[in-house]
Amino acid sequence: MTEIKKLTKISLIALSIIYFIFGILLVFLTETFIGGLTGWTNPLSPRNFGGILLLGAILAILLLRKKEWEEIKIPFAFLFSFFIMTIPIELIVMIVYSSTVPAAAISQTIMNEIIMCSLFTLGIVSYLRQRS
Amino acid sequence: MTEIKKITKITLGWYCVAGLLFAFMYLVISDFYFYTIVQWPYNDPVGLWISGGIMLILGITALMAIFKKEWEEIKLFFLFAIMWVAYMIIINIVAIAILSFPETPLMTLITNIILLTFNLVLGIICWMKQKS
């Protein structure tokens, strides 16, 4: 059994805060956050994803209460692997639609990409350190 | 440590198949599926792809979880999957209640709710059997 390292706990706290903020924005402020920025009208998909992020924040908090790395290894990898999909998808969509969306949406996407890449790197470093 | 029961492995296998199937529909053939078959009335290029991407992650993680031996290793992931399914049922019911959909997307949402309810019941049965 391996003890959970401090860096892993820090990355879980950072993840839960970011997931919570974006979860609230996507579930409760969809029309302002997505519709207002891009003009896209789908009311359901952003709320689906926002709900997943809120549940992810709850799961990250639950993981913080555990003591053994083996107990949190799979859910930890699961939570951080969201970025494998969201980073390229958001980037590709923004490149394709950059001519049709306002500058504010592009600016928001760049900020999202920076946050996601930082968290993903933190997650990978934590995972590797935990294994070593 | 508790062993993972056969019914839990079957459920994880089913979640894997469902996750990969929906990932294919949302990611690979999203335009054809949503705008030709389902006739989805809202435009949103990013939300559908991200939902598909997260379902792909769910499918792959469920597949990885099947090969684990101890229940404690996958317990929190399993809990997340059940909570996710419950959330999806709620958000789909709320969407049907609040928004007005044409016939085809409405039928698709109802079919999704039925499938998700089956998944939720299966998950809860596994959770209770695993705890007993």
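User: Which residues in α4(A) meet α3(B), and which residues in α3(B) do they meet?
Analyst: This is a predicted model, in which local features need pLDDT of at least 70 and side-chain atom pairs count only at pLDDT 80 or more, while totals for chains, interfaces and linings use all residues. Residues are numbered from 1 along each chain as its sequence is written, and chains are lettered from A and ligands numbered from 1 in the order in which they are written. Helices here are DSSP runs of H or I with at least four residues, strands are runs of E with at least two, and both are numbered from the N terminus; contact requires C-beta atoms, placed from the backbone, within 7 Å. On the α4(A) side stand Ile74(A), Phe78(A), Ser81(A), Phe82(A), Met85(A), Thr86(A), Ile89(A), Glu90(A), Val93(A) and Tyr97(A), and they meet, in α3(B), Pro45(B), Val46(B), Trp49(B), Ile50(B), Gly53(B), Ile54(B), Leu56(B), Ile57(B), Thr61(B), Met64(B) and Ala65(B).

User: How do the residues of the contact of α4(A) with α3(B) divide by class?
Analyst: Ala, Val, Leu, Ile, Met, Phe, Trp, Tyr, Cys and Pro count as nonpolar, Asp, Glu, Lys and Arg as charged, and the others, Gly among them, as polar. Under that scheme the contact of α4(A) with α3(B) has 16 nonpolar, four polar and one charged residues.

User: Which helix gives the most to the side of chain B that touches chain A?
Analyst: In the interface, 31 residues of chain B are in contact with 31 residues of chain A. Both α3 (45-66) and α4 (71-98) of chain B supply at least two residues each to that side. By class, the side of chain B that touches chain A has 22 nonpolar, five polar and four charged residues. With 14 residues, the helix that gives the most is α3(B).

User: How many of the 22 residues of α3(B) are buried?
Analyst: At 1.5 Å a residue, taken over one less than the number of residues, α3(B) should span 32 Å, and its end C-alpha atoms are 33 Å apart, which agrees. A residue is buried if 20 or more other C-beta atoms lie within 10 Å of its own, exposed if 12 or fewer, and partly exposed in between. The helix α3(B) is largely enclosed by the rest of the structure, because its buried residues number 17 of the 22.

User: Is Gln39(B) buried or partly exposed?
Analyst: Gln39(B) lies in the loop between α2 (30-37) and α3 of chain B. Its phi is positive, about 55°, although Gln39(B) is not a glycine. With 13 C-beta neighbours inside 10 Å, Gln39(B) counts as partly exposed.

User: Which residues of α5(B) make the contact with α1(B)?
Analyst: The axes of α1 (residues 6-28) and α5 (residues 103-131) of chain B come within 9 Å and cross at roughly 150°, which makes α1(B) roughly antiparallel to α5(B). The crossing is left-handed. The contact holds five nonpolar, five polar and one charged residues. From α1(B) come Ile7(B), Thr8(B), Thr11(B), Trp14(B) and Ala18(B), and from α5(B) come Asn119(B), Leu122(B), Gly123(B), Cys126(B), Lys129(B) and Gln130(B).

User: Which helices of chain A do the buried residues of α5(A) pack against?
Analyst: The 29 residues of α5 (residues 103-131) of chain A should span 42 Å, and the end C-alpha atoms are 42 Å apart, which agrees. In α5(A), Thr109(A), Leu119(A), Gly123(A) and Ser126(A) are buried. The buried residues of α5(A) pack against α1 (6-28) and α4 (69-97) of chain A.

User: What percentage of the residues of chain A, and of chain B, count as buried?
Analyst: Chain A has five helices and zero strands, and chain B likewise has five helices and zero strands. The C-alpha trace spans about 50 × 25 × 15 Å along its principal axes in chain A and about 50 × 30 × 20 Å in chain B. Of the 132 residues of chain A, the buried share is 38%; of the 132 residues of chain B, it is 33%.

Technical notes: Contact = placed C-beta atoms within 7 Å. Axes fitted to C-alpha atoms, helices over the stretch in contact; angles between N-to-C directions. Parallel < 35°, antiparallel > 145°, perpendicular 65-115°, else oblique. Left-handed = near helix turned anticlockwise from the far one by under 90°.
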